[in-house]
Amino acid sequence: MPIFWREKMSVQNALIDRDHRYLICLINTVELALRDPEDRQPINNALMQLRDYTREHFRNEEQIQAAIGFPTHSEHKRLHESLTRSLEELIARAQTEGDAATQQERNSDLITLLRDWLLHHVLQEDLLMAPYLRQYPENFTG
């Protein structure tokens, strides 16, 4: 089932919110591509796009956090590093050959990570920035 953006997900910053919306689209795309595990090219393309955009998003978010003096910036950056490692490990596993049951398990692990990341990290960790970001223009980029 696709994930949809809701206003309650807003951190009160246009750049970060835009990134989060696009990450939702990419996660939905990965999940859709995984429905046809026989055709690996769309899956690989979606995973690479997600990986690359995740890195870009984390850079954007960390730059803004540093500029606003977000008090848990260092811890948040470590969370990003851990999420990036987990994502890269699961992508590597998803791209290796295996029987249908193994591939299904890998795909399930990947979707679980993506959904957990989105729901936990964005809705809990990133929303902690909202009170700090309200003090800046909505289009603040650091």
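This is a predicted model: local features need pLDDT of at least 70, side-chain atom pairs count only at pLDDT 80 or more; totals for chains, interfaces and linings use all residues.
1. The crossing in which α1 passes α2 is left-handed.

2. On the α1 side, the contact with α2 is made by Leu 15, Ile 16, Arg 18, Asp 19, His 20, Tyr 22, Leu 23, Leu 26, Ile 27, Thr 29, Val 30 and Ala 33. On the α2 side, the residues that take part are Pro 42, Ile 43, Ala 46, Leu 47, Gln 49, Leu 50, Tyr 53, Thr 54, His 57, Asn 60, Glu 61 and Ile 64. By residue class, the contact of α1 with α2 is made up of 15 nonpolar, six polar and three charged residues.

3. Helix α1 also packs against helix α4 (residues 100-125), at an angle of about 160° and with the two axes 10 Å apart. Since roughly antiparallel applies to angles over 145 degrees, α1 and α4 are therefore roughly antiparallel to each other, and α1 passes α4 in a left-handed crossing.

4. In the contact of α1 with α4, the residues contributed by α1 are His 20, Leu 23, Ile 24, Ile 27, Val 30 and Glu 31, and those they meet in α4 are Leu 110, Ile 111, Leu 114, Arg 115, Trp 117, Leu 118 and Val 122. The residues of this contact divide into ten nonpolar, one polar and two charged.

5. Gln 65, which lies in helix α2, has a relative accessible area of 0% and is therefore buried, the cut-off for that class being under 20%. The side chain of Gln 65 makes a polar contact, at 3.4 Å, with the side chain of His 76. Apart from neighbours within four places in sequence, the residues in contact with Gln 65 are Phe 70, His 73, His 76 and Met 129.

6. Gly 142 belongs to the segment after α5 (130-133), and because its relative accessibility is 53% it counts as exposed, the class that begins over 50%. Although Gly 142 and Asn 60 are 82 residues apart in sequence, their C-alpha atoms are 8.6 Å apart in space. With neighbours within four places in sequence left aside, Gly 142 is in contact with Gln 63, Ile 64 and Ala 67. Of the residues named here, Ile 64 also takes part in the contact of α2 with α1, as does Asn 60.

Technical notes: Residues are numbered from 1 along each chain as its sequence is written. Side-chain values use heavy atoms; hydrogens and water are left out. A crossing is left-handed if the near helix is turned anticlockwise from the far one by less than a right angle, and right-handed if clockwise. Helices (H or I, at least four residues) and strands (E, at least two) are DSSP runs, numbered from the N terminus. Contact means heavy atoms within 4.5 Å. Ala, Val, Leu, Ile, Met, Phe, Trp, Tyr, Cys and Pro count as nonpolar, Asp, Glu, Lys and Arg as charged, and the others, Gly among them, as polar. Buried means under 20% relative accessible area, exposed over 50%, partly exposed in between (1.4 Å probe, protein chains only). A polar contact is a pair of N or O atoms within 3.5 Å; within protein, one must be able to donate a hydrogen and the other to accept it, and residues adjacent in sequence count only if both atoms are side-chain atoms. Axes are lines fitted to C-alpha atoms, for helices over the stretch in contact, and angles run from 0 to 180 degrees between N-to-C directions. Angles under 35 degrees count as roughly parallel, over 145 as roughly antiparallel, 65 to 115 as roughly perpendicular and the rest as oblique.
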